[in-house]
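Subject: Structure for your files

Hello,

The structure is below, followed by notes on what turned up in it.

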Amino acid sequence: FFTNRYNAKPGQIRVCGKEEWFAPVASGSAAPKQMVVCPCSTGTLSAISIGACDNLIERSADVVLKERGQLILVPREMPLSTIHLENMLK
């Protein structure tokens, strides 16, 4: 679907399930330089802020941060509580 929708070259877009722990983005040797989580639930934001890795999104975000990459989180809940803001600062 995405290959056709965005006129991507074959193999340019890869979709991974949240339990695919052996996906390239889960490893520091193949870490992306940038990552965007959109939308990002406050639960995912919290897990990323404390370094918990219960699925591929959280693990990939952890790897990007570990490798000093750029991570952009787009929170979907509003209004934000003090706890949410503290997690964002982390």
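Glu 20 is partly exposed, because its relative accessible area is 33% and the class covers values between buried (under 20%) and exposed (over 50%), with a 1.4 Å probe and protein chains only. Glu 20 pairs with Arg 14 in a salt bridge, with 3.9 Å between the closest N and O atoms. Arg 14 counts as exposed, at 54% relative accessibility.

This is a predicted model, in which local features need pLDDT of at least 70 and side-chain atom pairs count only at pLDDT 80 or more, while totals for chains, interfaces and linings use all residues. Residues are numbered from 1 along each chain as its sequence is written, and side-chain values use heavy atoms, leaving out hydrogens and water.

The whole structure holds 4 salt bridges, each defined as a side-chain nitrogen of Lys or Arg within 4 Å of a carboxyl oxygen of Asp or Glu. Among them is the one between Lys 66 and Glu 67, at 3.1 Å from N to O. Lys 66 is partly exposed at 48%, and so is Glu 67 at 38%. Another joins Arg 76 to Glu 77 at 3.3 Å; Arg 76 is exposed at 56%, while Glu 77 is partly exposed at 25%.

There is also a nonpolar surface patch of about 570 Å², formed by Phe 1, Phe 2, Tyr 6, Ile 13 and Val 15. Such patches take residues with over 30% relative accessible area and no salt bridge, nonpolar side chains (Val, Leu, Ile, Met, Phe, Trp, Tyr) being joined within 5 Å; areas are from the Shrake-Rupley method with a 1.4 Å probe. Val 15 is exposed at 62% relative accessibility.

Regards

Technical notes. Patch = residues over 30% accessible without salt bridge, like charges linked within 9 Å, V, L, I, M, F, W, Y side chains within 5 Å.
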